[in-house]
Amino acid sequence: RAGGKHNDLDNVGYTARHHTFFEMLGNWSFGDYFKEEAIQWHWELVTEKFGMDKERLWATVFEGGEGVPADEDAEGLWPKVTDLPADRVVRLPAKDNFWEMGETGPCGPCSELHYYLGDDLSLQNEDLFRQDGPEFVEIGNLVFIQFNRGEDGVLQPLPQQHVDTGTGFERLCSLLQNKDNNYDTDVFRPLIERIAEVTGGDPDSDTGRVPMRVIADHVRALTFAIADGAMPANDGRGYVLRRLLRRASRFGRQLDQHEPFMHKLVESLTGTVAHVFPEAAAKSAHIAMVIQAEEESFGKTLDRGLDIFERLSAKGDISGADAFQLYDTFGFPLDLTELMARERGLTVDHEGFEGELDSQRQRGRAATKGRFRAAEGVDDVISGEHSVFVGYDELETDATVAHVEHEEEVIRVVLATTPFYAESGGQLGDRGVLQGEDFCIEVEDTLKARGGIVHAGRLVAGQAPVAGAKVHATVDAGARAAGARNHTATHLLHEALRRTLGDHVGQMGSLVSTERLRFDFSHFHAMEPEQLLQVEQIVNEQIREDLEVSTSEQELAQAKQLGARALFGEKYGDRVRVVKIADFSLELCGGTHVQHTGQIGSFDLSAESGIAAGTRRIEALSGAGAERAAQQHRQWLGEISQLLNAPPQQLPTQVQALQERLRELEKALAEARRKVAGDSVADLTAAAIDIDGVHVVASRVHVEDIGALRTMADGIREGLGSGVGLLGGEVGDKVSFIAVVTDDLIKDRGIKAGDIVKEVAQIAGGSGGGKPHLAQAGGKDPSKIDDAIAAAPDLIRQRLSKS
């Protein structure tokens, strides 16, 4: 369990039985049997079916408290209906033996069964049991739900009594298999051995034991969660998964794993559980793909972040600001930083971290303040009935003004009835005109605000209307039709992506405008060109089929039962609008659509890109936009054909030939530059001056890049045999210097390139440093390059005189 009321994350891998994911075996009774049967049957299961030693079993019952008497019923039933003696039935307080889900609701006493692990049965006694030490382990819990706690905190008896029985599967396996921890059972051991195989480590060594156990636990949790539809993300349940992945990646570094490896474990795990959880095995490839993508994403910053942590931890406890830097820049969850700090005996300023995080949120809110000014400027809900939407069936209607706000050049109007669609579900709001008897408003956007629909635009004639004024509202039919084409196209695109990439594809967001559409979806790799072509073909096939697009209102549960797809994270009412495209697509959607897919015309998939880990984006055009794109492509193709003097079908071959020719010319140019640099190095070396018996080269040179400057410096160091070299010049509009010193002068006279280049660069307003044999520096003032070079011999002479 990795958060909330029961957070075991810090214990996972270190203790015998803590996990972020575990299976709970259980059974319920709803008003049927109660305490006597539950106790008797549980004892029968444990002792007769599982074969556990009766002499090692202990039971607990509620001792009473908060006005609730002790559970004498359960206390008396254990010795009555089982072989458990009364002296091994122990009363415990509410924190151990009274179950409540929350502050209110059904609750009741519980009775637990414990197992003694010690070698000597004579040593078990009540005092030892009450110490809650490792000698005893809980194997089952019988919750007797017989009360309801009201808002006032008072317990009232329930009209019916229920039983909730729970037993941890992994813990039970360790007892039945005579293992002293869950990780050595056949639940975990095959996966741990697979980790050892992949990493080359020893799962039973001091260095391998904890990392492999943590990774095994986390991969189990991730596999089942992703199979169930959860996805790594930056908030909510998705961030719990991302934390687990990143925590496991860090433990992978302890096993010397610097490349993605956890995805290789999924197939082994799903293979062992396929007979019980076939859905996990069916989605094995998808789960592995999700994990690999996350590993690759975090791996790019993990090593750098670990280096930064080493530097920060060398100073002592980790400050809130430093913890936030690791979180914000390198993606380290706070609990990962706290884990690494504990390993070094350090603490992390948790409050300081939260303060930094809150400051970031405030900066984010400040940055977006005013971005939605049109909506935010309409603050309070308007009283009375208004904003009745009739735009599914009508594009113009007579209406009455319910409310008006006029601020500078922007006027906002709320109507009693409107055909204007307000921005929602990714579809932008309608444009159009509100025409009154003595005024005209050009509507530029339609928004949801003030508990209704707000028409925002400009007053282009007359005076602003007042509430009660009559108006004729007309939606821009061309813009509405263009938006409807793009919206229906997104539904076709969504289903085409699922059919091409798999059922894991889900809509993560969209933008539907009159000019284009944008669709964000869950997927963990860039799409292949063949996949993009296939998606585009599927969409266009549905357009050519001219499928019927129908809408209906249904109960939410019924719509989901029919297979209607919902937008992840979206909140829906009890009744929803369902958009059906023949037998091809079924989605919950409140937007506007065409009546037949043929009205879309055509579909052009323009671009596919990644916008976040696990989220891809497609941009596309439909209708006239797709037609214009095709025309533009033909125009570009014609222009390129003219430039290369080749027909379109020969352009790929021609371009390949040009690229090959370019590579040959670049190779020849590089060779020529090397020859020129070699000649320059020879000339510079030959012109070396003698300072106290040391050959010194100090010169301004002209090179294309810093690599060429470094190559020349290496050549001078080699050519001098024994000496010092200093080169400088403008490289890419920047001042650069490089100094070199031969090994004998470093060893015998203590001359270091870093010292020389630092002093020289200061003359040009710069700084730098490096290794004793080669060091690099920059400068700010190009006019000082010659002065710096001229000063180099004297600076070198001074250092030689001190050696």
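## Basis of the model

Local features of this predicted model need pLDDT of at least 70 and side-chain atom pairs count only at pLDDT 80 or more, while totals for chains, interfaces and linings use all residues. Residues are numbered from 1 along each chain as its sequence is written, and side-chain values use heavy atoms, with hydrogens and water left out.

## The six-stranded sheet

Six strands form an open sheet in the order S25-S26-S27-S28-S30-S29, and their pairing is mixed. Strands (E, at least two residues) and helices (H or I, at least four) are DSSP runs numbered from the N terminus; two strands pair if DSSP finds at least two bridges between them. The edges are taken by S25 (689-691) and S29 (767-770), each of which has a single partner strand, so one side of each is left without a neighbour in the sheet. From one strand to the next, the twist averages 20 degrees. Angles run from 0 to 180 degrees between N-to-C directions, with axes fitted as lines to C-alpha atoms, for helices over the stretch in contact.

Strands S27 (residues 723-731) and S28 (residues 734-741) run antiparallel and are joined by eight bridges. Within this pairing, Val-724 stands opposite Val-741 in S28. In general, strands of a sheet pair through backbone hydrogen bonds, either parallel or antiparallel.

## Helices on the sheet

Helix H23 (residues 753-763) packs on the sheet and touches S27, S28, S29 and strand S30 (774-779), where contact means heavy atoms within 4.5 Å. The direction of H23 makes about 150 degrees with that of S28. Helix H24 (residues 785-802) lies across S25, strand S26 (694-700), S27 and S28, and runs at about 165 degrees to S26.

## Aromatic pairs

The structure holds 19 aromatic pairs. Rings of Phe, Tyr and Trp (its six-membered ring) pair if their centres lie within 6.5 Å; planes under 30 degrees apart count as stacked, over 60 as edge-to-face and the rest as tilted. The pair of Phe-324 and Phe-353 is tilted, because the ring centres are 6.1 Å apart and the planes stand at 55 degrees. Phe-324 belongs to helix H12 (residues 320-330) and Phe-353 to helix H14 (residues 350-368), so that the pair links distant parts of the chain, 29 residues apart. Both Phe-324 and Phe-353 are buried (under 20% relative accessible area; exposed is over 50% and partly exposed in between, with a 1.4 Å probe and protein chains only).

Phe-389 and Tyr-421 form an edge-to-face pair, at 6.1 Å centre to centre and 70 degrees between the planes. Phe-389 lies in strand S10 (residues 388-389) and Tyr-421 in the loop between strand S13 (417-418) and strand S14 (432-435), so the pair ties together parts that are 32 residues apart in sequence. Phe-389 is partly exposed, at 25% relative accessible area, whereas Tyr-421 is buried, at 6%. Elsewhere, ring pairs link Trp-58, Tyr-116, Phe-129 and Phe-136 into a cluster.

## Charges over rings

Arg-220 lies over the face of Phe-188, at 4.7 Å from the ring centre, and Arg-577 lies over the face of Tyr-392, at 3.7 Å from the ring centre. The criterion is NZ of Lys or CZ of Arg within 6 Å of the ring centre and within 35 degrees of the ring normal.

## Positive phi values

Most residues other than glycine have a negative phi. Asp-132 has a positive phi near 55 degrees; Asp-132 is found in the loop between helix H4 (126-130) and strand S8 (136-149) and is exposed, with a relative accessible area of 69%. Glu-408 also has a positive phi near 55 degrees. The loop between strand S11 (396-407) and strand S12 (410-415) holds Glu-408, which is exposed at 68% relative accessible area.
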